[in-house]
Amino acid sequence: MDFDLIREKLGITSPFIERKDGYWNHANNLDVRQMASFFTENGARLITIVAQPTQNGEFRMHYHWDMNGVIAHISTDTQAGEIVSIAEICPAANWIEREIHDYYAIHFRGREDLPPLILRSGDPPGLFYWNGKKTEGEK
Amino acid sequence: MSYTLPIGPYHPALEEPYKIELDCEGEIVRDARIQIGFNFRAIELLAEQRNYTQNIALFERVCGICSNVHTLTYCMAIEHLAAIEVPRRAQFIRVIVAELERLHSHILWAGAAAHIMGFQTLFMTCFYLREKVMDILEAVSGNRVNYAMNCVGGVNRDIEDIAAIRDMTKSIETAVSEQLIPIFTKDKTVLARCAGVGILTRQDAIAWGALGPTARASGVAQDIRRDDPYAAYSELEFEPIVQTDGDVLARIVVRALEIVESCRIIQQALEKMPPGTWKGSPFVEVPSGEAVARIEAPRGEVFYYIASDGSDKPRRVKVRTPSFMNMPTVRLMMKNATLADAPLIQASIDPCYSCTDR
């Protein structure tokens, strides 16, 4: 996989950093739907999405893609606790996004429904984020 | 007549907490809704409150069947982050224990599938064979479930009785080749229950991110041991087992042939295992940063992400298990299946609810 081509297609300015565990990059204002379309059209597999709280109350979203044994890790940050859903483009993200919503109350724009996966119906989302006192209702 | 049939939250056949609601028309399943979370323990959150060494014991308890793969993946992620080299003998020991775990997991699943089919003699045969593997795992590690073999930078115990492991794998290889595979591929009862049932197409397997034997039975030739080798796999010869029918039978055949392949991998590893140190470090300093690791567990790829702020506790650990990715595909397999096939279709992905919920 040509990582310069990936940068060009996704509009990422910084170069990928090669490590033993794959190629890493971070992009502000990343178009995650464009990223999902590019990777799925090129036969990549979504390994998972990892959400991680940041100091400013947002979340760093790490998208891990497998390309025939090589992993591309691309991260971007949520804005006001929201990010665009990729589940419509990449069905593998369906349960992943629901789980992230359960844990961190991150809202995935573009999803008509986001029912709880791990939590029970009626439970407030944001189970892992009670240290930050942030729940969906407080946004 | 249309109706919804709820099964669970305690599954009567699989005997694990899990709920599925089947929308049926007569005997035909038109759609299915899966509910998980009954085994949720917030292990990822607990990991942020324990130090790196304590977390090894925590992650060993993600799963009762593939406990070893979780500690192995976790330790590998720390080794990537801290740039720790693992001794070669330890790399071979890691392969041997991982393959022993695959053996007992696959044979256990074969037995469970036979039980669900109502084939009790086959169930007993599988569990008799599995016990041989469990005896070896107990002899190597002192435990039947949580082996505590992995530590950061190596393993906790050496493997000394090479002959016993080699003899066991040869006996399993013979029994599976001469008994299990012929029964699972030619017996009329098995074929009637499994052939053409619960089909997952290659296209759907890729789109939904299916993993391991579930994906390989649908023609997706992915195996992390070959695609992104870890431990000592790059020094061993093996072929990923791939079938193309995508039905329950294909998933059975993949696992049965993988049992034979695992025996051969173990035999090679025993032969090539070099002398030398195997020990790791009981305590480790982890620099700030992030890293991932992944391995091919019995059910498919296990993936760990670790973020560190340089303290003795991880800032974030993400555990992505194969059952979490495989379970949504059950809905696709269920569509237009007969109700009587539903329990076997669910079981055919070898679901682990403990892994899924964490």
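**Reading a two-chain model, feature by feature**

Visitor: At what angle do helix α3 (residues 67-82) of chain B and α4(B) pack?

Guide: They pack at an angle of about 145 degrees, and their axes are 9 Å apart. Axes here are lines fitted to C-alpha atoms, for helices over the stretch in contact, and angles run from 0 to 180 degrees between N-to-C directions. Helices (H or I, at least four residues) and strands (E, at least two) are DSSP runs numbered from the N terminus.

Visitor: And what should I know about the model itself?

Guide: It is a predicted model, where local features need pLDDT of at least 70 and side-chain atom pairs count only at pLDDT 80 or more, while totals for chains, interfaces and linings use all residues. Residues are numbered from 1 along each chain as its sequence is written, chains are lettered from A and ligands numbered from 1 in the order in which they are written, and side-chain values use heavy atoms, leaving out hydrogens and water.

Visitor: Back to that first pair, then. Which hand does the crossing of α3(B) and α4(B) have, left or right?

Guide: A crossing is left-handed if the near helix is turned anticlockwise from the far one by less than a right angle, and right-handed if clockwise. For α3(B) and α4(B) it's left-handed. The residues that meet (contact means heavy atoms within 4.5 Å) include Leu72(B) and Met76(B) from α3(B), and Val97(B) and Ala98(B) from α4(B). By type, this contact splits into six nonpolar, two polar and three charged residues. Ala, Val, Leu, Ile, Met, Phe, Trp, Tyr, Cys and Pro count as nonpolar, Asp, Glu, Lys and Arg as charged, and the others, Gly among them, as polar.

Visitor: How do I read the pair α5(B) and α6(B), and at what angle do they cross?

Guide: Helix α5 (residues 120-141) and helix α6 (residues 162-186), both of chain B, have axes that come within 11 Å and cross at roughly 165 degrees. That makes α5(B) roughly antiparallel to α6(B); angles over 145 degrees get that label, while under 35 is roughly parallel, 65 to 115 roughly perpendicular and the rest oblique. Here too the crossing is left-handed. Among the residues in contact are Leu129(B) and Ile136(B) of α5(B), with Ile172(B) and Phe184(B) of α6(B). The tally for this contact is 15 nonpolar, three polar and one charged.

Visitor: How many residues does the largest nonpolar core have?

Guide: The general idea is that, in soluble globular proteins, nonpolar side chains tend to be buried together. Such a core is a set of buried Ala, Val, Leu, Ile, Met, Phe, Trp, Tyr and Cys residues joined through side-chain atoms within 4.5 Å. Buried means under 20% relative accessible area, exposed over 50%, and partly exposed in between (1.4 Å probe, protein chains only). The largest core in this model has 167 residues, and those with the most contacts inside it include Trp65(A), Leu22(B) and Ile172(B). Helix α4 (residues 88-117) of chain B gives the most to this core, 17 residues. A second, separate core of eight residues includes Ile47(A), Val50(A), Phe303(B) and Tyr305(B).

Visitor: Is Arg216(B) buried or exposed?

Guide: Buried, with a relative accessible area of 0%. Arg216(B) sits in helix α9 (residues 212-216) of chain B. Leaving out residues up to four places away in sequence, Arg216(B) touches several others, including Asp223(B), Glu258(B) and Glu296(B). Glu99(A) in helix α3 (residues 93-104) of chain A is buried too, at 2%. With the neighbours up to four places away left out, Glu99(A) touches residues of both chains, among them Leu117(A), Lys318(B) and Arg358(B).

Visitor: Which peptide bond is cis, with omega near 10 degrees?

Guide: That's the one from Gly8(B) to Pro9(B). Pro9(B) lies in the loop between β1 (2-7) and β2 (19-25) of chain B.
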